[in-house]
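Visitor: Please take a close look at a single part of this structure and describe how that part sits in the rest.

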Amino acid sequence: MTHPAEETADTGRGSADRGSHPLGSAPAQRGGLTAAQVAERVARGEVNDVPVRSSRSVREIVRANVLTRFNAIIGIMFGIILVVGPIQDGLFGLVIVANTGIGIVQELRAKKTLDGLALIGEAKPQVRRDGVAQQVAVAGIVLDDAVLLGIGDKVIVDGRVTEADGLEIDESLLTGEPDPVLKNPGDQVMSGSFVVAGAGAFTATKVGREAYAAQLAEEASRFTLVRSELRSGIDSILRFITYLLIPAAIGLIVSQLAVERHDWREAVRRMVAGIVPMVPEGLVLLTSVAFAIGVVRLGRRQCLVQELPAIEGLARVDTVCLDKTGTLTEGGMDVVELRPLAAAPLGTAPDHTLRPDAPLARHVLTDRGVLQQALGAMGRADARPNPSMQAVIDAYGTPDGQDGWRVLEAMPFSSARKWSGVQFLEPHGTEASWLLGAPDVLLPEDHPALGEVDELGAKGLRVLLLGRSPLPLDAPDPARQLDPLALVVLQQRLREDAADTLRYFESQRVQAKVISGDSAVSVGAVASHLGLPGAEHPVDARTLPSDSEELAEVADRATVFGRVSPQQKRELVGALQSRGRTVAMTGDGVNDVLALKDADIGVAMGSGSEATKAVAQIVLLNDSFATLPSVVAEGRRVIGNIERVANLFLVKTVYSVLLALLVVICHVPYPFLPRHSTVLSSLTIGVPAFFLALAPNNEQARRGFVRRVLRLAVPGGVIAGTATFTAYMLARADHATELKADTSVATLTLFLVAMWVLAMVARPYNWWRLTLIGAMGGAFALVLLVPWLSDFFQLSLVGTRDPLTGVGIAVTAGILLEVVWRVIVRRTDES
């Protein structure tokens, strides 16, 4: 459809050509601003220049991923090895590149998508300047501009209507109200709404940061990271390790220099070998990998994860706040009942004698088949059906007019009239006007059908009256002689997946709450239809207490809230969080932005406003509410598996710290070089942990990540470190000058103990887990047996007594580990 303003622009005559625009009779501001007036406003800064910064800059992303505590620790150690050599002792430095690269690539990928979701999008509004309609950029609108509107146009800035020809504005993304609002000259329009019918123009009264949508977006679009218990837990461990590193490094280097008096390079290498394993570098890398792969998996389901930890966050939520419009319901409506009406009471029947046409018998008119034919014919006659008429078309529409109903004249729905009508030549040859609209407008106040209408309305249903009048549509009041024939009962169209998704959350002990700007009755009806517990007692937000404690009590107790303002949505989310709840908020409108921002996890619909997509951590690009269980499942896989393999990494941290202390106390060379730590970490932790982290896992997320993993890591690390140092000291007593042989025995012992820990963490076993454990054992055997590999890693087992002693010590340590596993871990599970 050609925009009215485009027609004006095409003529090139501006306001002189009144006939090219349906609003040609509009007075006053038809010419709009002049070029000079626009220039004045630009000079004063009265322009619509709102920089929407929805994500971090590339520089910030790179800096945040490069300048980390983890990279600093490993980077310094790697730099030291580059100085003292050899390069094979610096293999651990590759982890820096991998971890940093994954983080940067994933955030840049999300940024590319996120930056495409500007608040107003790439709309090209039309303004009238110097009497000519022209397209300008969103940022090019200035104060007092005459902005033109047609069907489908967005309202870019706030303003006052100056011209209107049946102009109807959908403000559902601002208020939650599903019904369009008829606008007349002098009425206000707000940015974030859009035109659904008619045409018009308005004068821009607020531009830039003063506009309503811009104010919401500016407050909401500041970048924040989702809180991740996994990441914060790992960061806490790293912080604690950092405090240990300084005294441990000083102690190690002093002791190693004292031991290796004639080879300071060897002393430095062994000092680095003692410090690097203390850092669970693989755990940080693996967490990033698991999140990134989760993002890719969810991307295949049309789910955009804009911050990596959001996957974990949604898996931990215990309360999901849902906006009705766009989340539980779709944009359309459905006909749920066609209810024929009984004959009008005596004295109220319409006078059919005003026309010579013999009226059809009432029992024929109220036949369900005839009513359905009439409704289908009315739908065909409407060139621009509103949602209610579209529901009628979906229910009763036919592709052609072969049913005998011939359209003579049609009058589309108007918010002012509250009805639409079609004048037909009916199949029986009679002429009549059929009207469909609001019962309270078309029926007299005392009509008994209004009682049924009120009952249905109390259930949150929308009711239209279908009636037949002998008067033509061009009569002064076609509804005056109306014979009411049936009630058409509609309800907002529910998403097919909404009920199943709500049941899923209920089964997972996640409480769902519906918070909407629509009427409480309507919201309660939708929630009840979906089987949401507590929906029968909806709360009107206009009655909510102002006291924070009282509000938290109501928010905690109630399930459905209606007539909720954007600020109240935010307050309800905060009230739930004050009760210790982890809250996720879903929504699609500008009115949801503040609540989405404050929630622990914000979920936006792909077809919703750009503002919501800019601030949400998760965007459901296909608008499918059923995708949320997949996000929860993916989060649980990440959480469960990372928690599982974290035991491997932290056992290593504990035994590394213990070995460093024992070396300092006993004044002996550190048992390993960095290359030994690399092969041990790779075969017993890094490679197997990668596969374990990606395995299916449906364990429910629990709080206390650090506490649970330390219950096994601390005693497990103490056992592993003690066993390794015991074997090392026994080997030294046997041949004090053969440091390579002593290191080899210590490496063998530690490998066996670490493999035992891996075997415990990998339970329950299946074919691929047993294959994984066997492959790691085979790889270590190759390192010991293949000459060039054993030379590269400086490993050589001398004789049989020391290696067998190491094996015996490892078996003893494994038995102690099993005791710890059964006692401590079971207590953890019970708690």
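Guide: What follows is about strand 14, its partners and then its surroundings. This is a predicted model, in which local features need pLDDT of at least 70, side-chain atom pairs count only at pLDDT 80 or more, and totals for chains, interfaces and linings use all residues. Residues are numbered from 1 along each chain as its sequence is written, and side-chain values use heavy atoms, with hydrogens and water left out.

The protein chain has 29 helices and 21 strands; helices (H or I, at least four residues) and strands (E, at least two) are DSSP runs, numbered from the N terminus. Buried means under 20% relative accessible area, exposed over 50%, and partly exposed in between, with a 1.4 Å probe and protein chains only. Across the protein chain, buried residues make up 55% of the 831 residues.

Strand 13 (residues 431–437) runs antiparallel to strand 14 and is joined to it by 5 bridges; here L466 of strand 14 stands opposite L436. Strand 15 (residues 483–494) is also antiparallel to strand 14, with 7 bridges between them, and P484 in strand 15 is the bridge partner of G467.

Next come the nonpolar cores, each a set of buried Ala, Val, Leu, Ile, Met, Phe, Trp, Tyr and Cys residues joined through side-chain atoms within 4.5 Å. The largest has 129 residues, of which L314, L328, I618 and F625 touch the most other members. Helix 23 (residues 627–666) gives the largest share of this core, 17 residues. A second, separate core of 26 residues includes L464 and L466, along with M333 and M389.

L328, from the largest core, has contacts (heavy atoms within 4.5 Å) that include R493, L494 and F625, not counting residues up to four places away in sequence. Over the protein chain, 72% of contacts between residues at least 6 apart in sequence join residues at least 24 apart.

Last, the cysteines. A disulfide is a pair of cysteine sulfur atoms within 2.5 Å, and a search of the whole structure finds 0 of them. C303 is buried, at a relative accessible area of 2%, whereas C666 is partly exposed at 35%.

Methods: Pairing = 2+ DSSP bridges.
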